[in-house]
Amino acid sequence: MLTSPVHDDASSSASLAISSTTLEVGEGRVSVDTEVETAINNAHSSFSSFSKPHATSNNPCWNAMRRAQSEVSSLSLDDFCFIQKLGRGDIGSVYLVELKRNNKGCLFAAKVMDKEELISRSKEGRARTEREILEMLDHPFLPTLYTNLDTDKWSLLLTEFCPGGDLHVLRQRLPEKRFDEAAVRFYTSEVVVALEYLHMMGIIYRDLKPENVLVRSDGHIMLTDFDLSLKCDDSIVMPQLVHEGTSPINLDHDSIDQFANHSPPYNSNSSCILPNCITPHVSCWYSKHRRRKGGRGGASAERPLMRLIVEPVEARSMSFVGTHEYLAPEIVSGEGHGNAVDWWTLGIFMYELLYGVTPFRGLDNEFTLSNIVARAFEFPKEPMVPTMAKDLITQLLVKDPTMRMGSMMGATTIKQHPFFDGVNWALLRCTTPPHIPQNFNSTRDFVSSYDDDDDYVDYY
C-alpha cells in the first residue's frame with residue numbers, strides 16, 4: 001500500500017530515527033547511555049488531573065498510574081520498563097512499556113519523540129498539537145492520555161495499549177484479505193461516532209486509515225495518531241439545532257446550557273451486561289411514522305425530531321497533509337480544505353475494508369494523486385458488495401466537498417443512511433465486536449527483527 005504520510009514539509013525524512021542516544025529495547029528493560037541517565041534524573045511528568053469518566057471506572061492501568069504518581073514526587077523514564085517497539089511514525093516511535101514496582105501487567109503505549117529531531121525538522125508544532133488534542137479527549141473510541149513525560153532529550157506521550165493491533169494488520173490476516181459487511185458496519189459506525197466527537201471539539205482528524213484504527217482488548221476500536229490533525233479555533237464550531245423541513249437554528253452558549261439542563265434524565269439501570277453503559281430514558285430510535293396526538297378529533301401529526309449539529313464547516317487549511325491513497329481532491333489540488341476531508345477518508349476507509357484495496361491507487365504516488373483528482377472511481381464486479389454499502393461510499397467520495405455527504409450536517413446524515421439500519425448508536429459499546437483479541441503475549445504477538453525485515457508492518 002502507498003501509505004506514506006505527506007505533510008507541509010514534504011522534503012523532510014519520512015521516518016524519525018531516534019539518534020544521538022538510542023533507546024535499546026530488549027529483555028524487558030531499556031538500556032541507555034550516560035546522557036539519557038542524566039536526562040532521566042531531570043525528567044518530570046504532568047499527570048492528567050482532569051476527569052476522564054470513561055477511563056477511570058474499573059481501569060486497573062489508570063489506578064496503577066495514580067498509585068505510582070502518589071509513591072514518587074514525579075514519574076520519570078526510570079519508572080517504566082520498555083518492552084518492545086510497536087511501530088514508527090513520522091515524528092516518533094511507539095513502544096510497549098510497563099510500570100515497575102507492584103504494577104506488573106499494566107501496559108501502555110509510549111510515543112517517544114526526540115526533541116532535537118523535532119526542532120531540526122520543524123515538527124515541534126505538530127508534536128505540541130498532538131499533545132494538546134490528547135489532553136482534550138474523553139471518549140470511548142479515542143485515546144486516554146495517562147501522562148506525558150519530558151526530559152532534556154525526549155518527549156513521551158503515554159496512552160492506552162491496544163493488544164488487537166490495527167485494522168490493516170487484522171484485514172491482512174483474513175483469508176480473503178477483506179472484512180464482511182457486518183464487520184465493516186461495526187468498525188465504520190464506531191469511527192463515525194469518534195469523528196463526530198472530534199468535529200464537535202473543533203478537531204479535523206485528517207489521517208483516517210486502517211493503520212490508525214486500533215483494536216482494544218474488548219474488540220472495540222480506538223483512533224490513534226493525531227500529529228496531522230487540525231485544531232480549530234473555538235469560534236469555528238457553531239452549534240445548530242435542525243430538523244427536517246426547517247432551517248438550522250444557531251445556538252449561543254446560553255442556549256446550549258438551557259438545552260442541556262432540559263434534556264431528559266438518564267436511567268442508570270441498564271440491561272446491558274457491559275459496565276459503564278447506560279440506557280437512555282427516551283428511545284434512541286427515530287421513525288418517520290412516530291406520531292403524536294393533536295388537534296381536534298384525535299388527529300395526529302408527525303413530531304419533528306430536533307438534532308444538535310456541531311460541525312466545523314467554516315474551518316479552512318491550506319496544508320498538504322494526510323496519506324496519499326486517502327487524500328481528498330481538495331487537498332491534492334491545493335484549493336484549501338475543511339471538515340469534509342474526514343468524510344472523504346471515511347469513504348476510502350470503507351472501500352478498503354470491503355475490497356482489500358483503495359479505489360485510486362496508482363503505480364506510484366504521482367499516479368495516485370492524479371487519479372484522485374481526475375478519475376471517476378468504479379466498483380469492481382468482484383467481490384460482491386451490498387448495494388447500500390456502495391451507495392454510502394459513493395456519496396462520501398464526491399469530489400466536490402460542498403456536495404459530499406457529511407460536509408454540512410456532519411455525522412447526522414451519515415448515521416441516517418440505510419447501510420446503518422439496525423445500529424443502536426446510543427449503545428455502540430454494548431454491541432458484540434466481530435473480533436476479540438486473544439490474551440496478549442508480547443513474545444508471541446510481535447515481530448522481533450523489525451529493523452531487518454523489509455516486510456515488517458507497524459503494529460501501531
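User: What makes the crossing of α10 and α12 left-handed or right-handed?

Analyst: In this predicted model, the crossing of α10 and α12 is left-handed, a term used when the near helix is turned anticlockwise from the far one by less than a right angle. The helices concerned are α10, residues 340-355, and α12, residues 387-396, which pack at an angle of about 145 degrees with their axes 8 Å apart.

User: Which residues of α10 and α12 meet, and how do they divide into nonpolar, polar and charged?

Analyst: From α10 the contact takes in W343, W344, L346, G347, M350, Y351, L354 and Y355, and these meet A389, K390, L392, I393 and L396 of α12. The residues of this contact divide into eleven nonpolar, one polar and one charged.

User: Why is R216 called buried?

Analyst: The relative accessible area of R216 is 10%, and buried means under 20%, so R216 is classed as buried. R216 lies in the loop between β11 (213-215) and β12 (221-223). Leaving aside residues up to four places away in sequence, R216 touches P140, F141, L142, E160, C162, P163, I221, M222 and P437.

User: What makes the span of α7 close to the expected one, and how many of its residues are buried?

Analyst: Helix α7, residues 181-200, has 20 residues and reaches 28 Å from its first C-alpha to its last, close to the 28 Å expected at 1.5 Å a residue. α7 is followed by G202, whose phi is positive, near 80 degrees.

User: Which residues other than glycine have a positive phi, and why is each called buried or exposed?

Analyst: Among them are S122, with phi near 55 degrees, and R206, with a positive phi of about 70 degrees. S122 lies in the loop between α4 (115-120) and α5 (124-136); its relative accessible area of 57% is over the 50% limit, so S122 is exposed. R206, in the loop between β10 (203-204) and β11, has a relative accessibility of 9%, and because this is under 20% R206 counts as buried.

User: What is the omega of the peptide bond that joins E382 and P383?

Analyst: Omega is about 0 degrees, and the bond that joins E382 and P383 is a cis peptide bond. P383 lies in the loop between α11 (365-374) and α12.

User: How many helices and strands are there, and what share of the chain counts as buried?

Analyst: The protein chain has 14 helices and 21 strands, and 50% of its 460 residues count as buried. Among contacts between residues at least 6 apart in sequence, 69% join residues at least 24 apart.

Notes:
Residues are numbered from 1 along each chain as its sequence is written. This is a predicted model: local features need pLDDT of at least 70, side-chain atom pairs count only at pLDDT 80 or more; totals for chains, interfaces and linings use all residues. Side-chain values use heavy atoms; hydrogens and water are left out. Helices (H or I, at least four residues) and strands (E, at least two) are DSSP runs, numbered from the N terminus. Buried means under 20% relative accessible area, exposed over 50%, partly exposed in between (1.4 Å probe, protein chains only). Contact means heavy atoms within 4.5 Å. Axes are lines fitted to C-alpha atoms, for helices over the stretch in contact, and angles run from 0 to 180 degrees between N-to-C directions. Ala, Val, Leu, Ile, Met, Phe, Trp, Tyr, Cys and Pro count as nonpolar, Asp, Glu, Lys and Arg as charged, and the others, Gly among them, as polar. The expected span of a helix is 1.5 Å times one less than its number of residues.
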